[in-house]
Amino acid sequence: MKSLQFLFLALCLILPADAGWAREWLRERRDFVLAEQAVEQGNAAVFQALAGTLTAYPLYPYLQYQWLKKDLTQTDSIRAFLSTYKDSRYASLLRGRWLKAMAEQNQWLDYVDQYRAGGDVALECLYHRAAYQIGFRGLALTQAKRLWMSGGSQPGECEPLFTALADAALITREMIWQRFELALEGNNRQLAEYLARKLTGLDREAAEAWLKVDQNPELIREEKTRLPEGRFAARIFAHGIDRMAKSAPDSAARLWDAEKNGLQFKEPGKQMIERRLALALAFQRKAGAYDRLTGLTAHDGEVREWRVRSALFEQNWQHIAAALSGLTLDELKEARWQYWQARVQASAGNHEAARALYSEAALDRSFYGFLAADALSQPYRLADNPVPLHFNELGDLASEADFQAVSELRALNRNMEAQRQWWFTVGKLSREKRAQAAKLAESWEWAPVAIQTLVKADYWDDLALRFPLHYQEQVQSNALRHALDPAVIFGVMRQESMLDSRAESPVGAKGLMQVMPKTGRQLAKEIQQELAADYSLFDPDLNIRLGAYYVRKLLQRFDGNMALAVAAYNAGPARVVKWLPLAGNMPADIWVETIPFKETRKYVASVLSYAIIYQHRLNKNGLKLKDLMPPVPSG
């Protein structure tokens, strides 16, 4: 009850007490919270009394959903809700719960009547089970086959349907083998082990041998006679090669080359392994990667890109030119590859051709566009065009029921529910309306949501929205303290959290600059700053101070090379040390392009280009991308 009183007091403080509409708004919020409490207590009389006064309140559908989901026997009320609020997010949520309750009661005819396809595998399995129960067995079992044939474990709701499939003797030996392979390809070993137990005789022995190789790929080095005979020998060997390539691509390639011609392998299967080996060699910057990639019979987008990167890592300009010529026409129009074409021309002394290509690339507001502009010693092209808004468009959008609901959820500190409601609402909008919604989120100072909404609108040129200047005072003071350009701190912060002080990653990194608790404790100790608890990292002042200090520390470790420091901020210093060239200096643009991890490669390019954009937002122009990227020394 104390928390309710606190919320009521907080609402009083943010509303003008002398406005009649404000008092009504406050009353509705108070009654909504009390009605939620009645839901939790199961007090129907209090709930109905309060709910009756809230029919015009934006969160009334949410309130009704909470009440109805507590007792799914309220059939008439549920049907009425699904009809009245059919376009709301809560209609599909309530229907899902209602359908599961029907299944538990074996109400199969009602289930078929109420089911709506929507991508929920559990509900789909129950639907086909319902069809089976009411007599459509053939059709239900056909769909069961499709659902069963998955490399992932399916929901428990599917098991009765799969049991019916097995009872009808429709799960064949070939189906088990196909799913077994799908499971291993998807790294679902538990499912693969389960399927192996479904096999018998020599099949079971082959599957167990396959599982051993999956766990220890080095077993394929043993005499081939130890592998099962027949068609499985080649497939098990190939699986071992695939697994071995991840940690020891050189060894895997040598073993494959020595054995592949003696195995019963169809050409598509051979090419699949050749592709995986070639890419594994390229990812680990191994010698021979370029030749291996060149020798593939089919060059998809990933192969084409890594062929260029392998040639770049060799710094062999003849190979780089050949690899670039293998890109598609559309790929060659991208700023990234225009930049590298220009570098090829410049290396050959074709300065006019290089200048023309740099000029094309420099039109793009990106890492490669900025590098191209630096090569030409010309200003960066930033193309800052805010989302156009006409009279009262934001007001009209904010007054729509769905957005009013979001606003109320935020006012009540239901931030997760507010985001769910927001994305449901935005999903129904046109591109133009999504851009307007992004501006609405910006006006609410909801930076990460505004940025992501603008992405969904495919609108990229509103720089104030995409690169907000929140926490500017903290950024400026810590930049001064640690001798950093504030644009760099903003660049890291924008990439890490989109300026969301409450951001938390799946692995536990927290706050604006996504500091890991363990790292935060060490950093705090070094600067004699108290870190009372892990949640303290959500405090913007502390988070920015620790993050900025860590950037400075990494810069010192990597001799002032910002590209290396930023890569280390993402992937860790130890990995960056492993990625340093073995001998001699390497141009920083080549080093960034050949970073093995796609995430880190993109991260470095984003942070450094964001720093350039943020200096524009800060009304400065002294920072140049080339100054952040001195040559990379050998390790």
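Let's start with a helix pair: α30 (residues 472-481) packs against α33 (residues 540-557) at an angle of about 30°, and their axes sit 10 Å apart. Keep in mind that this is a predicted model. Below you'll also find a mostly covered helix, α23, a set of 37 salt bridges, and a few residues with positive phi, among them glutamine 528.

**The α30/α33 pair**

- Angles under 35 degrees count as roughly parallel, and α30 and α33 are therefore roughly parallel to each other.
- The crossing of these two helices, α30 and α33, is right-handed.
- On the α30 side, the contact is made by Gln474, Val475, Asn478 and Arg481; α33 brings Pro540, Asp541, Ile544, Arg545 and Ala548.
- Sorted by class, the contact of α30 with α33 has four nonpolar, two polar and three charged residues.
- A bit of background for reading those residue numbers: an α-helix has 3.6 residues a turn, so residues three or four places apart point the same way.

**Helix α23, mostly under cover**

- Helix α23 spans residues 367-376, and nine of its ten residues are buried.
- The buried ones are Phe367, Tyr368, Gly369, Phe370, Leu371, Ala372, Ala373, Asp374 and Leu376.
- What does the covering of α23's buried residues include? You'll find α21 (335-347), α22 (351-361), α36 (588-593) and α37 (598-617) there.
- Just past the end of α23, serine 377 takes a positive phi of about 55°.

**Salt bridges**

- The total for the model is 37 salt bridges. As a general point, side chains of opposite charge can pair when their charged atoms come close.
- Arginine 30 and aspartate 31 pair up through their side chains, at 3.1 Å from N to O. Arginine 30 is partly exposed at a relative accessible area of 34%, whereas aspartate 31 is buried at 7%.
- Arginine 243 and aspartate 214 form a salt bridge too, with an N to O distance of 2.9 Å. This pair links distant parts of the chain: arginine 243 is in helix α14 (residues 231-247) and aspartate 214 in helix α13 (residues 201-215), 29 residues apart.
- Are the two partners buried or exposed? Arginine 243 is buried, with a relative accessible area of 14%, and aspartate 214 is buried as well, at 12%.
- Asp214 and Arg243 also belong to a network of salt bridges that links them with Arg189 and Glu193.
- Lysine 439 makes a salt bridge with aspartate 462, and their closest N and O atoms are 3.0 Å apart. Lysine 439 lies in helix α27 (residues 431-443) and aspartate 462 in the loop between α28 (447-456) and α29 (463-466), so the pair ties together parts that are 23 residues apart in sequence.

- For context, most residues other than glycine have a negative phi.
- Glutamine 528 isn't a glycine, yet its phi is positive, at about 55°. Look for glutamine 528 in the loop between α32 (517-526) and α33, where this residue is exposed at a relative accessible area of 77%.
- Asparagine 619 isn't a glycine either, and its phi is positive at about 60°. Asparagine 619 sits in the segment after α37 and counts as exposed, with 72% relative accessibility.

**Valine 406 and its surroundings**

- Valine 406 is part of helix α25 (residues 401-411), and this valine is buried, with a relative accessible area of 0%.
- Which residues does valine 406 touch, leaving out those up to four places away in sequence? The list is Ala418, Gln421, Trp422, Trp444 and Trp446.

Conventions: Residues numbered from 1 in each chain as written. Predicted model: local features only at pLDDT ≥ 70, side-chain atom pairs only at ≥ 80, totals over all residues. Heavy atoms only, no water. Axes fitted to C-alpha atoms, helices over the stretch in contact; angles between N-to-C directions. Helix = DSSP H or I, 4+ residues; strand = E, 2+ residues; numbered from the N terminus. Parallel < 35°, antiparallel > 145°, perpendicular 65-115°, else oblique. Left-handed = near helix turned anticlockwise from the far one by under 90°. Contact = heavy atoms within 4.5 Å. Nonpolar A, V, L, I, M, F, W, Y, C, P; charged D, E, K, R; others polar. Buried < 20%, exposed > 50% of the residue type's maximum accessible area, 1.4 Å probe, protein only. Salt bridge = Lys/Arg side-chain N within 4 Å of Asp/Glu carboxyl O.
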